[in-house]
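Subject: Structure handover

Dear colleague,

Here is the structure I said I would pass on. My notes on it follow below; please read them with the model open.

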Amino acid sequence: MEPESKIETFDLNLYYGVFRALTDVNIRIPARSVTAIIGPSGCGKSTLLRCFNRMNDLVEHTQVKGRIVIDGQDILEPEADLIALRRKVGMVFQRPNVFSLSIYNNLKFGLRIHSMLSRRDQIMQTVRQGLEQVGLWDDLKDKLSANAQSLTLEQQQRLCLARVLILRPDIILLDEPCSALDPIATLRVEEMLRVLRKDYTLIIVTHNMQQAGRVSDFTGFMYLGRLIEFAGTQKIFTNPAEQLTEDYIRGSFG
Ligand SMILES: Nc1ncnc2c1ncn2[C@@H]1O[C@H](COP(=O)(O)OP(=O)(O)OP(=O)(O)O)[C@@H](O)[C@H]1O
Ligand SMILES: [Mg+2]
């Protein structure tokens, strides 16, 4: 049986000015699984990821063509609700982007923007759930008023994920989320992603092939703005259909 698809693109093309950064990308991302996007630097991984919550709209002179369908709806339609889209499709970046606010206020901030909760006891309960989901509650429950920037990088990255999770997204985009972390912290974060995939659709961009192998169910390999191959991770790493994929995985380039 075909897995249920969460995101599907049809001949997706993206231009930065005259530069074509994505060329005819047709990808189907299965629901409730981890998809890794791999490929050499500059091949369009981050650009593709940013398409899924229309973050590229914030980049000047960007033009997008084609269709991006999430849960049956074309998110490129002019009437698409961008605030709702960005709540539904959360994003975590390479460097944890915590605000210079308390841990509590970092979490409350997103809830406020989306006017999701107003009662203090409800907010507290949600903050707690978010921190529990990312394994931070026990460590941080007694210092919720500490500045979030005083946390370790791993804690900051987990906090960023909690900030996304409490908005109840369906999809979480992760752009090299572990590249600032040490190997042990990286393994712990990967472990958390494996748990989250039961309830969310996760898409992780990574330069780390071992990470893609450990954490993902499906892998897409990109090269020069094109999606060269998309398949189960096992297949991509053991028996890819394309020579280019094989060369990349064997470390011949990139
Ligand atoms: N705002 C922009 N304006 C013009 N060109 C851009 C812009 N952002 C990215 N590009 C170009 O688009 C291409 C794809 O960039 P992108 O950042 O998506 O690649 P990437 O695969 O994420 O690379 P990396 O692995 O280095 O993060 C690159 O050639 C890059 O230089
Ligand atoms: Mg990138």
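The buried residues of α6 are covered by, among others, β7 (89-92), α3, α4, β8 (171-175) and α7 (183-196). Contact here means that two C-beta atoms, placed from the backbone, lie within 7 Å. Helices (H or I, at least four residues) and strands (E, at least two) are DSSP runs, numbered from the N terminus. Of the 13 residues of α6, 12 are buried, that is, 20 or more other C-beta atoms lie within 10 Å of their own; a residue with 12 or fewer is exposed, and one in between is partly exposed, with C-beta atoms placed from the backbone. The buried residues of α6 include E154, R158 and R163. The end C-alpha atoms of α6 are 18 Å apart, which agrees with the 18 Å that 13 residues should span at 1.5 Å a residue; the expected span is 1.5 Å times one less than the number of residues.

This is a predicted model, in which local features need pLDDT of at least 70 and side-chain atom pairs count only at pLDDT 80 or more, while totals for chains, interfaces and linings use all residues. Residues are numbered from 1 along each chain as its sequence is written, and chains are lettered from A and ligands numbered from 1 in the order in which they are written.

Helix α4 (residues 120-133) has T126, V127, G130 and L131 buried. They cover an arc of only 135° around the axis, so they are on the same side of α4; the arc is that of the directions from the helix axis to the C-beta atoms. These buried residues pack against α3 (103-113), α5 (137-140) and α6 (153-165). D121, Q122 and Q125 are exposed, on the face of α4 turned away from its buried side. After α4 comes G135, with a positive phi near 70°.

Next, β4 (34-38). All 5 of the 5 residues of β4 are buried, so the strand is largely enclosed by the rest of the structure. V34, A36 and I38 point one way, T35 and I37 the other. In a regular strand the side chains alternate between the two faces of the sheet. β4 pairs in the parallel sense with strand β9 (residues 201-205) over 4 bridges, where I37 has V205 as its bridge partner. Another 4 bridges join β4 to strand β10 (residues 218-223), also parallel, and here A36 is partnered by T219. Strands count as paired if DSSP finds at least two bridges between them.

Strand β1 (residues 5-16) and β2 are antiparallel, with 4 bridges, and form a hairpin with 2 residues between them. Y16 has F19 in β2 as its bridge partner, and G17 in the turn has a positive phi of about 65°.

Two residues other than glycine have a positive phi: R32, near 45°, and R54, about 55°. R32 is in the loop between β3 (28-30) and β4, and R54 in the loop between α1 and β5 (62-70). R32 is partly exposed, with 16 other C-beta atoms within 10 Å; R54 is partly exposed with 17.

Regards
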